Amino acid sequence: MVDLSRKYDVLVIGGGNAALCAAISARRAGASVLVLEGAPKFYRGGNTRHTRNMRCAHDAATEILTGPYTEQEFFEDLLRVTGGQTDEELARHMIAESKDILGWIVEQGVRWQPSLGGTLSLGRTNSFFLGGGRAMLNALYLTAEQLGVSIMYDAEVIDLEIDNGMFLSAALKQGDDEVSVRASALVAAAGGFEANIEWLKQYWGDAADNFLIRGTPYNRGSILKMLLAKGVQEVGDPTQCHAVAIDARAPKFDGGIITRHDSVVFGIVVNNHAQRFYDEGEDIWPKRYAIWGRLVAAQPDQIAYIIFDATSRNSFMPTLFPPIEAGSIAELAGKFNLDAAVLEKTVAEFNAAVRPGTFDHTILDDCRTEGLTPPKTHWARKIETPPYYAYPVRPGITFTYLGTRVNREARMLMQNGKPSANMFAAGEIMAGNVLGKGYAAGIGMTIGSVFGRIAGREAAQNARN
Amino acid sequence: MHGTKTLEEADRLMTVCNSCRYCEGLCAVFPAMEMRRAFSDGDLNYFANLCHACGACYTDCQFSPPHEYNVNVPKTLAIARAESWAAYTWPRAFSGLFARNGLAISLIAALSVAAFIFGFAAVTDRQVLLGIHTGPGAFYALMPHNTIAALFGAALLYAIVALAMGVRAFWRDIGEPVDMLTDPGSLWQAIKDAGSLRYLDGGGVGCVNADERPGDWRRIYHHLTFYGFGLCFAATSVATLYHYLFAREAPYAWWDLPVVLGTLGGIGLLIGPAGLLAEKFKRDPALVDQNSTGMDVAFIAMLFLTALTGMALLLLRDTAAMGPLLALHLGVVFALFITMPYGKFLHGLYRFVALVRYARERAQMAAGAPTE
């Protein structure tokens, strides 16, 4: 049984990658640590359950990474996906620290494997967890338990006592009662607010009702809200998030990786007016998959349809939900209540604009359209071989970027600009410091592990002083 | 559409898994799955027999119950595995019999045979009841060597024919050409993979049994059982050669090869099955196909009893207990032989064939040949 009457050195709120890295690092630095995970044991770990890899800089190929990925290249990738909206000092600090994480995380029991089958182009930059995110979590929890970290599940924190930037205690819900938990330092690693549809609607309006939440239903942002209400400085645009286009038939929450679609580059994408709205072949998929959530969110009724033909049917990974199949474009339109004549016209115009080329989905090939708006700049092939197929897609929100501002020590900054006396943040709750917008595969886990490890170490140090 | 509800469920799971693939580093099942986009009955039965039931994919799965996707690969494949064995059974009339009543049937068979042998001997020579027999040929006071050899040779032959018919049916089901088992590279790979239980290690940390903490005990106990069984078989084979080639009759001295091999094997075959049984009762019920428990327990118990009666015979062979113990030991071994084609023993055979196919598929993949 966890002793709630004592005062812990470090209290960690959250239970995912960032929280566990913080707990382990604080415990290894000699602190007594309590982890409060709001979810039940099965759902422990927030969105980490659904992850599969982490992006870390490295100067040479390793057993599982096919080549070097320098700090500079990592930083340039980050600049590109965020359009420069990142805190350069923090980002460079994180990238430098990420090098060491490759080995550190293995010392905590996590195992790597080469890039998964069907995940093109990540083999050099991203390290994959053997067995996936839940396997990683199981290893971290086991290590934390063996080190003597106290862990509670179903442990919902309903209030934080903060005085002038100093954490004093957390109010923990226990049945109908409330228990006060005291600690010398706090690490907030409780995720974003993407599962709180009401909060999303403050920024997105009713469109948010059509969003699907890819991960945990437990990230309701309650800890973030408390911190911001009690003087912590906010960072990030509240509408920015990691959002991808996922199958419209996916469950509202927790559908996970298997609801994604990798078929955009093989076909065209139309909205419910049967019109195209963006260049499907702009860049290779791992560099573009994360923009399609926002693109679909901007379409009427937040829905779109990926349309392709028999030529591409087996060109991408198999999907959980099978594509809807039809013998003609008009029949396909009918299955989604799209205007058949308009869809036929859209496809015909696209086909007419396709220039001859040599198709190769692994490079930026020369298959493109001419005189079409928007263009398809690569991998454009005529959609003319029946049967025809379509996947309906909606915005799938992975996590939100609105968060708490931190410094290099992962220490929260208060609204007056001063560092908090004893409060630290790690993971999605502070991702907005590094990610102003956009996303690059695996970076959420980098933010979690790097800042989790720093936050734990600093919190332990803080508690000793 | 598939032949059974179990295979429908296995297809649903493999469709989920094939669009996820997080588990591909854990064992052979998921890489085999990734070679396909759709799954026939034979494919699913192949996966089921390739699965070593290490449980890691259940513990590592973000979609295992209570998640609404309800992904439980080890249990579903365990059920599919048992059902496939029933479907391949020869003769068909015996299919499913052992899943329900395995332990009872095995014990009744063992005791019946023991009673028959003892009764046969007692009628022939009443001294067997009380007598102390020592020296070469002492065992054959109970029953002449040639009678024993004929009886057990027939039982073993029956088992071999029934097993071969089952493998043939499995073979046809998974749609492999006949030359599969003659590919030396694949055979050697499968022998190494089976001999080391390569895929019972959860991808490196050990298999999962009682909870999410991995461990290696099942693999260790299985090695003791398998190699213990192998040593006992070697002991019997050496003794047979002694008998026919050198006219040296059992029982042999404690230092002689059959006794040394048999003793070492017997120790493994006592500890191994006892450990496996203990692990089985500790196993997370979520991973277990309850309908097969009787069959599983029967095989483990019969192996344990083979070792126990054999070791008791070795220790007490110079006393009046020799007669009854020998009858009992022979009864247990006889029952073990004739129940082999209908129980848990099958897992080794079908898994080996599945491993040969997997090795062959991998080699073909590496050579760039199409697998679909």
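Reader: Where is the place of A:Asp154 in chain A?

Author: A:Asp154 has its place in the loop between β6 (150–152) and β7 (157–163) of chain A. Helices (H or I, at least four residues) and strands (E, at least two) are DSSP runs, numbered from the N terminus. This is a predicted model, in which local features need pLDDT of at least 70, side-chain atom pairs count only at pLDDT 80 or more, and totals for chains, interfaces and linings use all residues. Residues are numbered from 1 along each chain as its sequence is written, while chains are lettered from A and ligands numbered from 1 in the order in which they are written.

Reader: Which phi does A:Asp154 have, positive or negative?

Author: The phi of A:Asp154 is positive, about 50°, although the residue is not a glycine. A:Asn164, likewise not a glycine, has a positive phi of about 55°. A:Asn164 lies in the loop between β7 and β8 (166–174) of chain A.

Reader: How many other C-beta atoms lie within 10 Å of A:Asp154?

Author: The general idea is a neighbour count: a residue is buried if 20 or more other C-beta atoms lie within 10 Å of its own, exposed if 12 or fewer, and partly exposed in between, with C-beta atoms placed from the backbone. A:Asp154 has 15 such atoms and is therefore partly exposed. A:Asn164 has 11 C-beta neighbours inside 10 Å, so A:Asn164 counts as exposed.

Reader: Which residues of chain A does a cis peptide bond join?

Author: One such bond joins A:Thr373 and A:Pro374, with omega about -10°. Another joins A:Pro386 and A:Pro387, with omega about 0°. A:Pro374 is in the loop between α10 (340–353) and β16 (388–400) of chain A, and A:Pro387 also lies in the loop between α10 and β16.

Reader: How many helices and strands has chain A?

Author: Chain A has eleven helices and 19 strands. Of the 465 residues, 55% count as buried.

Reader: Which domains does the domain assignment of chain A give?

Author: Domain bounds come from an automatic or database domain assignment. For chain A the assignment gives domain 1 (7–237 + 401–464) and domain 2 (243–396). The C-alpha centres of the two domains of chain A lie 34 Å apart.

Reader: How many residues of domain 1 of chain A are in contact with domain 2 of chain A?

Author: Two residues are in contact if their C-beta atoms, placed from the backbone, lie within 7 Å. By that count, 19 residues of domain 1 of chain A touch 20 residues of domain 2. The domain 1 side has ten nonpolar, seven polar and two charged residues. Here Ala, Val, Leu, Ile, Met, Phe, Trp, Tyr, Cys and Pro count as nonpolar, Asp, Glu, Lys and Arg as charged, and the others, Gly among them, as polar.

Reader: How many residues of chain A are in contact with chain B?

Author: 27 residues of chain A are in contact with 26 residues of chain B. Helix α4 (residues 133–147) gives the most to the chain A side, with five residues. That side divides into eleven nonpolar, eleven polar and five charged residues.

Reader: How many helices and strands are there in chain B?

Author: Chain B has 14 helices and two strands. A compact globule of 372 residues would have a radius of gyration near 21 Å, and the 22 Å of chain B agrees. Of those 372 residues, 45% count as buried.

Reader: What should the 29 residues of helix α10 of chain B span?

Author: The expected span of a helix is 1.5 Å times one less than its number of residues. Helix α10 (residues 217–245) of chain B should span 42 Å, and its end C-alpha atoms are 41 Å apart, which agrees. Just after α10(B), B:Ala247 takes a positive phi of about 55°.

Reader: What do the buried residues of α10(B) pack against?

Author: They pack against β1 (207–208), α11 (257–282) and α12 (293–316) of chain B. Among the buried residues are B:Leu224, B:Gly228 and B:Phe229. B:Phe229 is buried because 21 other C-beta atoms lie within 10 Å. Leaving aside neighbours within four places in sequence, B:Phe229 is in contact with B:Gly265, B:Leu269 and B:Leu303.

Technical notes
Rg over C-alpha atoms; globule rule 2.2 N^0.38 Å.
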